[in-house]
Amino acid sequence: MKTKRPVRGKSRAINPRSSKLRARKPLIGKLVIFGVGLIGGSFALAMKQRGAVGQVIGVGRSRANLLTARRLGVIDEIATDPAQALRDADLVLLAVPLGQTKAVLAQIAPHLAPHTVVTDAGSTKRDVIEAARRQLGATFTRFVPAHPIAGTEKSGAQAAFAELFEQRNLIVTPQPETSARAVKLVTAAWKLAGMRILTMSALEHDRIFSLVSHLPHLLSFTAVGNIAGYPDVAELFQHTGGGFRDLTRIAGSSPEMWRDICLANRDAILAALDGYLSDLEAVRGMVEASDGPALEGKFAAARNARARWLKPL
Ligand code: NAD
């Protein structure tokens, strides 16, 4: 996805009277965000910009990042004690790398108020749901699994901007026991951030995103890593052009985040890789056989599919 120009919470002039999006009473009185990075920070800014939140508390792993978040007006307060942070919270958003989800859920579970709704932004859903079911016990009914399909290759609070989610999809994967009130609060918040809401099963989500997001990221990281392994790497990079840049922008993404996605969605990613590798093997065969018509046919089919299906953002 293309990086939009960052507009931070307090620096953007919004006329509360003229903005149709501004809520009269904040939708969320107290919002607690675990992981104030690109996604958590942008959600906080979007809620602030729409007047949808009273207070935003940030909990994080990096003190420096939390200080940046507070200085930029992304959060109002930094919390070091989860119990205190969660007191009277209306909504808790988990926006941490997937490998941290289980530990954060275990940390928050004993301190959740009876009305608190919990949601997440994780890029995979089956593993998050399984962890939430185990860690949250009875509170699992107030956990809304969600994935905003928006992002950039940048990380941390300084990368956050309020418009990140505008006109993008939010995938929600509620479970049979998920409370309708919890879903209503979470989807209302993301709608205010500008998102369209789509519901699907966690299994379908993980299969689809293994193909359209996880696989392309692996290809991008590997394309850079492969070139970087040649002894004349400096010279090779000197000659890269727009094509290489386009293919590899997302190789600037967080290695920790992508490690965790690979581990969390292992089976779906393996299936996607197998499909891709056999296709690549077929292309290799066409090159080896100098089969011009086959190569042209293959490329034309891909170009036509792209023109037909890939809608502008
Ligand atoms: P990020 O690196 O910008 O932010 C993650 C933040 O979590 C960091 O500030 C980090 O310090 C903090 N953190 C790490 N461990 C923590 C812990 N144990 N407790 C509290 N804070 C902790 O990453 P991001 O891009 O905002 O991604 C966050 C989540 O959103 C991930 O699960 C990712 O899969 C998902 N997601 C990312 C994108 C994207 O394009 N970046 C898009 C959709 C969903």
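**Cores, ligand shell and selected residues**

At 62% relative accessibility, Gln167 counts as exposed (over 50% relative accessible area; buried is under 20%, and partly exposed lies in between, with a 1.4 Å probe and protein chains only). The model is predicted, so local features need pLDDT of at least 70, side-chain atom pairs count only at pLDDT 80 or more, and totals for chains, interfaces and linings use all residues. Residues are numbered from 1 along each chain as its sequence is written, and side-chain values use heavy atoms, with hydrogens and water left out.

Gln167 sits in the loop between β7 and β8. Helices (H or I, at least four residues) and strands (E, at least two) are DSSP runs, numbered from the N terminus. Gln167 is not a glycine, yet its phi is positive, at about 60°. Ser290 also has a positive phi, about 50°, and is not a glycine either. Its loop joins α11 (266-288) and α12 (292-309). Ser290 counts as exposed because its relative accessibility is 63%.

Helix α11 also holds Arg266. This residue has 57% relative accessibility and therefore counts as exposed. Arg266 and Asp206 are separated by 60 residues in sequence. Their C-alpha atoms are 9.9 Å apart in space.

The interior was examined next. In soluble globular proteins, nonpolar side chains tend to be buried together. A nonpolar core is taken here as a set of buried Ala, Val, Leu, Ile, Met, Phe, Trp, Tyr and Cys residues joined through side-chain atoms within 4.5 Å. The largest such core has 45 residues. Leu31, Phe43, Met47, Phe165 and Trp190 touch the most other members. Two or more residues come from each of β1 (28-34), α1 (38-49), β2 (53-59), α2 (63-71), β4 (91-94), β8 (169-172) and α6 (180-192). Helix α1 gives the most, with seven residues. Contacts of Phe43 (heavy atoms within 4.5 Å) include Leu31, Ile33 and Leu91. Leu93, Phe165, Ala189 and Trp190 are also touched by Phe43, residues up to four places away in sequence not being counted. A second, separate core has 29 residues, among them Val96, Val104, Ala132 and Ile261.

The ligand is surrounded by 25 residues, each with a heavy atom within 4 Å of it. Leu38, Ile39, Val96, Ser123 and Gly156 are the closest. Both α1 and β7 (146-148) supply at least two residues of this shell. By class, the shell has 12 nonpolar, 12 polar and one charged residues. Ala, Val, Leu, Ile, Met, Phe, Trp, Tyr, Cys and Pro count as nonpolar, Asp, Glu, Lys and Arg as charged, and the others, Gly among them, as polar.

Polar contacts are pairs of N or O atoms within 3.5 Å; within protein, one must be able to donate a hydrogen and the other to accept it, and residues adjacent in sequence count only if both atoms are side-chain atoms. A polar backbone atom of Val96 lies 2.7 Å from a ligand oxygen. An N or O atom in the Asn65 side chain is 3.1 Å from an oxygen of the ligand. For Arg61, a polar side-chain atom is 3.5 Å from a ligand nitrogen. The ligand alone exposes 830 Å², of which the protein buries 89% (Shrake-Rupley method, 1.4 Å probe; for residues, only the protein chains shown count as cover).

Ser253 lies in the loop between α9 (242-248) and α10 (255-264). It counts as buried because its relative accessibility is 8%. A polar atom of its side chain is 2.7 Å from the backbone oxygen of Ile250. Neighbours within four places in sequence aside, Ser253 contacts Glu153, His217, Phe221 and Trp258.
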